[in-house]
Every structure is written in C-alpha cells, then in structure tokens.
Amino acid sequence: MIEVANLSKSYGSVRAVDDVSFTVRPGVVTGFLGPNGAGKSTTMRMIMGLDRPTAGHALIAGRPIAAHRAPLAVAGAHLDARSFTPGRSARAHLRAVAASNGISRRRVDEVLELTGIASVSRKRPQGFSLGMSQRLGLATALLGDPSTLLLDEPVNGLDVDGVRWIRELARSLAAEGRAVLLSSHLMSEVEQTADHVIVIGRGRILADKPLSDFTCASSDGVVEVSSTDDTRLAQVLAAAGAPVAPIGGIAVGGLTSAEISDLAASAGVLLTRVHEASRSLEDAYLELTRDEVQYQSTPKEGAR
Amino acid sequence: MTTTGTTGTAGIAGTKARGATVGAVVRSELIKIRSLRSTWIGLLALLGIATLVTTLSSSKVSGVATPGVLADWILTVFQVALFLVTAFFAVQTAGEWSTGLSRTTFTAIPARGRWLAGRIVACALAGAVAALAVIGTVVGLGVAVHGAGAEPLGPETVGLLWQAPLVFGLLSGFAVAVAVLVHNAWLAVGTLFTLQFVIGVVAATLFTWLLQVVPYLPYDLAQTVLHDSQAGAEVAGTPSPGLAVALLAGWLLGTALVAAVASRRRDGA
C-alpha cells in the first residue's frame with residue numbers, strides 16, 4: 001500500500017507538486033493520470049525516495065522506502081525506460097540489481113522469462129528497442145517480487161502484443177494482492193486496466209475515485225429510456241421534476257436509472273429500454289483537466 | 001503480503017530478499033564493475049603499459065635485475081597507473097547518473113550512504129587487484145627476460161605487495177567519492193588531474209608557498225607510501241609513511257562524508 005500525505009515539491013518558485021494526498025490500495029490497479037508537467041513523475045519519484053519532498057511524506061507498506069530492509073521486496077518501480085548502462089548485458093544488469101538486495105540468481109532467470117527477454121539477456125541493451133527496454137525495466141521492477149509496483153508510462157514503445165501483455169500483467173499482479181500505481185497517457189489503456197483513478201493537474205489532485213464513479217460523475221447524467229407508454233412516462237417524470245425530451249424514446253435528466261424505474265413502476269408503465277449514457281474515460285479526463293494543461297495547442301482557424 | 005524477519009524479506013510469491021546490506025551492495029557493485037567490457041579493456045591497457053615499460057627498461061639493464069630495479073619499473077608504471085585507475089573509477093561512477101542507472105540503483109538501495117560505502121569498498125578492492133596485476137606483470141616479465149639474472153624478492157618489491165594495493169584502494173575510493181560529489185565524469189577527472197598534475201606545477205612555478213601543501217595532497221601522499229620501501233626514499237618536508245596512509249584515509253573518509261551528505265540532500269537520479 002502507498003500512502004501519500006500532503007506531499008509537495010517546489011523547484012525554486014515553481015510548485016511542481018502541491019499538497020498531494022492519496023492512497024494506493026493492495027489488490028487494485030490505480031491509474032495515475034494527468035497532462036504533461038502535471039507532477040505525476042515527480043510524485044512517483046518522491047514516493048520511491050529519488051527526489052526529496054519539500055513537504056509531506058510518502059509511505060510504502062507503512063514506512064518510507066529507505067526504511068525497509070529489502071526495498072526491492074517492498075516496492076518495484078519502473079520510472080524510465082532507459083535506467084541501465086547500455087554496455088552491460090541485460091542479465092548482468094539484473095544480477096547486479098538482484099545482488100544489491102540479496103535476491104537469488106534464480107529469480108533473475110524467472111523475471112527474464114516473465115518479461116519475455118530471456119533470449120536477448122546476454123546482449124547489451126544499447127541496441128534494444130524502446131519496447132525491449134521497457135521490458136527490461138519491468139523485469140528490474142519485478143525482481144524482488146514486490147507488494148507494491150509503480151509503473152510510469154510502461155506501455156510507451158510497446159507493440160499491440162506488448163500493450164496487452166502489460167494490461168494483463170498489471171491486472172494479474174493486482175489480483176495477487178499487490179498495489180499497482182500505473183501512469184499512462186493512453187486513456188483507453190487505463191480504462192481497460194485500472195479499477196481506480198487519480199487525476200493530477202498542475203500539481204494538485206483533481207479526482208481520486210473508482211473508475212466507474214469517475215466516468216459517471218463526469219457524464220451529463222442523461223438516461224435514455226423507452227417504454228410501453230412514453231407519453232404517460234414523460235408526464236410522470238416531468239411531474240417528478242426531471243427535465244425530459246422526446247428522442248424517439250425519452251431522454252431524462254437529473255434522475256438515476258433506478259429512480260426512473262421506480263417511478264415507471266408506480267405509474268404502471270413497463271420500461272422496454274434503459275440506457276445510461278456514460279462518457280469514456282478520455283471524455284471525463286479532458287473535461288476535468290481542460291483548465292489544467294500546462295502546454296496547450298491552439299486549434300487551426302477554419303479547422304472543423 | 002510482504003514479511004520481514006531475521007532472514008530477510010519475502011515478496012508476494014515467496015521470493016526471498018536478504019536485504020540491502022553493505023555486503024550485498026559491495027557484491028552488486030563488483031558485478032557492475034566486472035560486467036563492463038571497459039573494465040577489462042582498461043585492465044588490458046594498464047598491463048600493456050606495464051609490459052611496455054618493463055620491456056623498454058629491461059633493455060637498459062645488462063646485469064642483475066635486483067628487487068630495487070624491479071621496484072623502480074613498477075613505480076614508473078604506477079606514475080601513470082594511479083591516475084588511470086582512479087580516473088576510470090570516477091568515470092564509471094559518474095556514469096551512474098549520465099546513463100540513468102542511478103534511478104535503478106537508488107530504487108534498489110534508497111539509503112545513499114550505504115550505496116556510497118558499498119561502491120567505495122568495491123572500487124577499492126578492484127583498484128587493489130589492478131595494482132597487484134601490475135606488480136605481477138612487471139615482476140613476471142622481469143624474471144622472464146632476465147632469467148637467472150633476476151632477483152624478484154626483496155624488501156623493495158615485497159613492500160610494494162601491501163603498499164600498492166593499500167594506496168590504490170584508498171585512492172580509488174577517493175575517486176568514487178569525488179565522482180559522487182560532482183556527479184559529472186569530466187569534472188571528476190578534471191579534479192583528479194588537477195590534484196595529481198596541476199597543483200604541483202602551479203606551486204613550483206607561481207605560488208611557492210603551495211609547495212608546503214603539495215606533499216599532503218592525495219596523490220603525493222600515495223607516492224610517499226609507495227616509495228617507503230625504496231632506498232633513500234626519505235624526503236624532507238614530507239609526512240612519514242604511516243602518517244601518509246592515515247592522511248590518505250582521511251582524504252577518502254572526509255570526501256566520502258561530504259559526498260554522502262550532499263547525495264542525501266540533493267534530488268538525485
């Protein structure tokens with residue numbers, strides 16, 4: 001479990017992370033979203049003890065990462081695809097990292113197999129593609145079989161198979177009871193992988209809730225219904241104070257599906273279709289971060 | 001869940017991790033040193049220089065290659081080797097940051113002081129081995145060239161067997177501390193170069209008062225220790241060999257302490 005409390009980081013007058021607090025729970029994949037420069041990577045680096053917070057603290061399994069006897073068994077982090085010496089073979093790199101925490105050579109072979117780079121393990125990674133470098137970084141993060149994983153943009157550079165592999169890996173790691181914090185710019189990936197999302201913008205937490213709540217809360221709350229008597233149903237719903245509009249059924253605002261269902265039942269009207277219009281994570285994210293992006297392009301004049 | 005006990009920490013699936021002790025860090029850093037091709041190329045280059053110096057020097061000795069003569073050849077190689085070995089470890093250590101490896105290193109070993117201690121010990125051991133390899137090469141070649149006319153064992157050569165590894169070890173550790181302090185290969189090598197070659201020249205030519213300080217600089221202390229067993233080595237104004245070792249250790253510990261404090265305070269990887 002990761003517990004972040006009032007974490008702040010300033011670089012001179014720039015507040016990169018501003019009083020951030022959240023918890024990443026075991027057994028859950030938590031998506032960490034935010035525009036470029038929002039403070040995602042800085043937050044992750046502070047959690048792992050790579051950067052010093054200006055204020056606040058981050059605990060992993062109840063303690064700062066530096067206070068753990070074997071840090072790799074507590075937290076594995078993949079924060080950058082290029083975090084190795086290009087001239088040292090992948091196997092030697094992993095052996096050196098494993099040795100630093102007293103982890104056996106057998107585990108090195110296991111993670112090489114798990115990440116699919118066993119066949120190139122004796123090669124020096126200076127010739128690795130970005131995808132292979134990502135896999136080596138993930139192998140490093142998994143060495144200690146940690147209870148917590150921090151993955152910063154792990155699907156960058158991966159092909160379709162690799163992206164699916166990461167998705168399944170993250171979900172299976174969470175299913176084993178690990179806490180997984182995963183940042184990504186690919187909303188579709190987070191939508192398919194995460195159970196919970198934390199959105200950060202200009203260093204502040206904008207949202208911290210289950211994925212389903214996030215997309216629902218960000219939708220316009222319109223429920224489309226059809227029934228055996230749309231005219232009667234529209235009257236009942238309007239009487240309940242809900243704005244209604246005929247759309248070849250009825251579009252209802254301000255009421256949940258369950259409330260509409262109850263009202264229809266009490267009026268003796270049978271619902272034949274209920275569709276709760278929910279926005280995609282991307283729509284919800286863009287709506288939330290509209291004013292928080294640091295670098296924004298200007299739409300071309302006349303562009304549709 | 002993760003459990004912690006006296007035997008270490010086990011991960012979710014039961015993988016054992018004995019812990020990031022200084023011993024584990026030393027093993028890790030030794031693997032890093034061994035697994036780079038540049039280490040072996042550097043060692044071969046060093047032995048190549050030793051071979052060249054011995055071969056050229058042997059041709060000038062017609063009589064017996066005494067222990068004193070062999071020690072002279074070794075010390076000639078050490079003039080260059082001291083800088084090459086220390087600069088090598090400084091570059092390799094600074095490479096932690098330039099390659100991005102430091103992110104991985106400090107994720108695995110968040111305690112910067114512990115990592116620095118492990119790195120210093122590992123490089124000191126490797127530096128000591130390099131010194132012994134040079135001695136072995138020079139003595140071996142000397143015996144091979146002069147055959148029965150070579151007398152490899154004597155106080156001069158035997159003394160070097162413990163003096164050289166000690167000095168190379170301490171200076172290699174010092175170079176690591178300098179590299180961690182400045183975080184930059186060029187700056188680290190520049191600092192070492194200045195300490196070994198520039199300050200002495202500046203002192204001799206521009207600021208003569210500096211000449212009193214020069215014997216107490218790291219490389220000069222190293223030379224004092226290395227020449228301890230050589231006949232007529234005592235030079236007025238230089239510290240005794242025992243004091244030189246203590247001062248050299250002081251340079252290492254002082255620089256390491258400053259580097260550890262700086263490393264803890266700065267964002268780092």
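How many bridges join strand β10 of chain A to strand β12 of chain A, and in which sense do the two run? The close-ups below start there.

**View 1. Strands β10 and β12 of chain A, in a four-stranded sheet.** Three bridges join β10(A), residues 223–227, to β12(A), residues 250–252, and the two run antiparallel. Look for Glu224(A), which stands opposite Ala251(A) in β12(A). Strands and helices here are DSSP runs numbered from the N terminus (E, at least two residues, for strands; H or I, at least four, for helices), and two strands count as paired if DSSP finds at least two bridges between them. The whole sheet is open, with the order β11-β12-β10-β13 in chain A and antiparallel pairing. At its edges sit β11(A) (244–246) and β13(A) (271–276), each pairing on one side only. From one strand to the next, the twist averages 20°. Helix α9(A), residues 230–239, packs on this sheet and touches β10, β11 and β12 of chain A. The direction of α9(A) makes about 15° with that of β12(A). Angles like this run from 0 to 180 degrees between N-to-C directions, with axes fitted as lines to C-alpha atoms, for helices over the stretch in contact.

A word on the model: it is predicted, so local features need pLDDT of at least 70 and side-chain atom pairs count only at pLDDT 80 or more, while totals for chains, interfaces and linings use all residues. Residues are numbered from 1 along each chain as its sequence is written, and chains are lettered from A and ligands numbered from 1 in the order in which they are written.

**View 2. Strand β3 of chain A, a buried strand.** Five of the five residues of β3(A) (29–33) are buried, so the strand is largely enclosed by the rest of the structure. Buried means that 20 or more other C-beta atoms, placed from the backbone, lie within 10 Å of the residue's own. Val29(A), Gly31(A) and Leu33(A) point one way, and Thr30(A) and Phe32(A) the other. β3(A) pairs in the parallel sense with β7(A) (179–183) over four bridges, where Phe32(A) has Ser183(A) as its bridge partner. Four bridges also join β3(A) to β8(A) (196–201), again running parallel; there, Leu33(A) partners Val199(A).

**View 3. A three-stranded open sheet in chain A.** The order is β2-β1-β4 and the pairing is antiparallel. β2(A) (14–24) and β4(A) (55–60) stand at the edges with a single partner strand each, so one side of each is left without a neighbour in the sheet. β1(A) (2–11) and β4(A) share five bridges, and Ser8(A) has Ala55(A) as its partner in β4(A). Helix α1(A), residues 40–47, packs on this sheet, touching β1, β2 and β4 of chain A, at about 120° to the direction of β1(A).

**View 4. Helix α3 of chain A against helix α1 of chain B.** α3(A) and α1(B) (22–34) pack at an angle of about 165°, with their axes 7 Å apart. That makes α3(A) roughly antiparallel to α1(B), since angles over 145 degrees count as such. Residues that meet here include Ala92(A) and Arg95(A) in α3(A), and Ala24(B) and Ile31(B) in α1(B). Contact means C-beta atoms, placed from the backbone, within 7 Å. Across the chains, the contact takes 44 residues from chain A and 40 residues from chain B. α3(A) gives the most to the side of chain A that touches chain B, with six residues.

Conventions
Two residues are in contact if their C-beta atoms, placed from the backbone, lie within 7 Å. A residue is buried if 20 or more other C-beta atoms lie within 10 Å of its own, exposed if 12 or fewer, and partly exposed in between; C-beta atoms are placed from the backbone. Angles under 35 degrees count as roughly parallel, over 145 as roughly antiparallel, 65 to 115 as roughly perpendicular and the rest as oblique.
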